[in-house]
Each structure stands twice: as C-alpha cells, then as structure tokens.
Amino acid sequence: MKIYLAGPDVFRRDAREWAAETKALCRRHGFEALTPLDHDEREASRIFAANLALIEQSTVVIANLNPFRGCEPDSGTCFEIGYAHAHGKKVCAYLDRKETLRERVNRYEKAGSARTVDDRGMAIEDFGLPVNLMLALPMHFVGDDLEACLKQLHSEMQDAGIPDIGTAMSPHPKAKKAIDDAIRYLHWAEAGRINDPDALATIARHYKVNAETVRAWLLDSPPIATASGVEYLPEDVIRHMKISGRQYRSIR
C-alpha cells in the first residue's frame, strides 16, 4: 500500500535524511512511502503537479499537522489534505500535543485557555477539535507521531486480509475474486445500477467482516477487470456477491 506523507518536514535542513529514515520506517510497517522529495522538479508549477500526482498514486495520506510558522499547520499540507479528500483518499493525521484549537491559540499568544478571541479580537473557533473543523472532520487523528499512524493502518490491513509490501505470498485466489465481487457490487450500488442504500453494510453482512474491512478493500483495490465480451446485469452482480460472500467465509 502506498502512503503519501504530507507535512512541513520537507523544509527541514536534514530533509533527505528524514525521507530516507521515514521510508525505512514505513517499509518496516508494510507500506511504501511517497514524499515530495521523490521527484527532482525545481519549478513551482511542476512541483505542484508532481506532488498532486503522488497523492493520486497513493491509497492513504498521512499528514503531520503540528504547528508550522505559527500556531496553524503548514498551508501546503492543508491543501494536500483537501485534494486527497476530494479524490476519495483516506487521510490520517498526527499531532504531538493533545489540545484544542482554542487552547493552542491561547498558548501561543500566552493568554488564558478560556479566552474566545485572539490578540486581534478575532473569534477562535471552538468545537473542541484539535484544528479547524474543515481539516478535523474529514480525517482520522491517530496518535502523536507517524509511527502511531503506521501501526494503526497496519492493524487495519491485517484485519482486512491485505498483504503488506514485505509479504512474498499472494493472497488466496478465491479471496481476491471474492473481494473483487464485493467491490463491483459497491461500485454498481454507488452508480445507481443496484438499488441498495447501504451497500457497504450488505457486503459486511454477507462476508462476515466489519465495515472498516470493506472500506480497506475499496481503498486498496486496483480497477477490476471484466472479461472481454462479458456483460453483467444487476442480478448477476448481486448473485456473484452472495456466492463470493459464502466462499470468503469458508476460507477465512
């Protein structure tokens, strides 16, 4: 699974060393890390395009949201989070200090933690979230550092039966086909070709897995190929999903 690492770490003096160590850490946890240092672009517009391409290649984005040049996260990282969310990527984040946005602003401005306006008289957003709600709501906050995020993701992969990059064995062929049938069912339901308002729950019930496992399948799945000349009907997709659900349960 490819992970894009978003954050201000690329501005560190030891950025190259950081990237090498971080990639090694990700490999130990079963992931391939992508960073903005993976390309050699020097022109602003080309850096922008190359970074977006890396996000598109990834399955998950992990963001370092620690304060940068002030009490807010790096602005470039915030844009990347929005881009990843718009493209359906799972976004995880970490902060090295547990505090609300209001507590952070007041700490930086050396004011009482209960204050609701900043030094300029501007209201401080106060929803009990660690960052602005537009960042906090679409992502999963996991621990206080990158490794905490990696451990959580690796645990989710194991629960979903997804092999990591260090696993030499391929997944059971019946399991792969069963998962493909589940994902096809989800795609057809999303497209309105199958009438199922909660297709994810349907898959989870037939395969006897939890919803997070199904989400992990969807995130980590490449495009599903259909045999040449084969035309599925909704009833075919529904039947295949149910049969594959029984097969999947039998080989777990």
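Begin by selecting strand β1 (2-6) together with helices α2 (44-57) and α3 (75-86), each of which supplies at least two residues of the lining of the second largest pocket. Keep in mind throughout that the model on screen is a predicted one.

The space in the second largest pocket comes to about 370 Å³, and if you colour its lining by residue class you will find 10 nonpolar residues alongside five polar and five charged ones.

Next, turn to the cysteines. Select C78, which counts as partly exposed because its relative accessibility is 23%. Then select C149, which at 1% relative accessibility counts as buried, and show the side chain of C92 with it, since C92 holds the cysteine sulfur closest to that of C149. The distance between these two sulfurs is 5.4 Å, which is too far for a bond, given that a disulfide requires the pair of sulfur atoms to be within 2.5 Å. In keeping with this, the structure as a whole holds zero disulfides.

Finally, move to helix α8, which covers residues 199-207, and display the side chains of A199, L200, T202, I203, A204 and Y207, which are buried.

Methods
Residues are numbered from 1 along each chain as its sequence is written. This is a predicted model: local features need pLDDT of at least 70, side-chain atom pairs count only at pLDDT 80 or more; totals for chains, interfaces and linings use all residues. Side-chain values use heavy atoms; hydrogens and water are left out. Buried means under 20% relative accessible area, exposed over 50%, partly exposed in between (1.4 Å probe, protein chains only). Helices (H or I, at least four residues) and strands (E, at least two) are DSSP runs, numbered from the N terminus. On a 1 Å grid over the protein atoms alone, a cavity is a set of points where a 1.4 Å probe fits but cannot get out, and a pocket is an open set with protein on both sides within 12 Å along at least five of seven lines; lining residues have an atom within 4 Å of a point. Grid points are joined across faces, edges and corners, and a volume is the space filled by probe spheres set on the points. Ala, Val, Leu, Ile, Met, Phe, Trp, Tyr, Cys and Pro count as nonpolar, Asp, Glu, Lys and Arg as charged, and the others, Gly among them, as polar.
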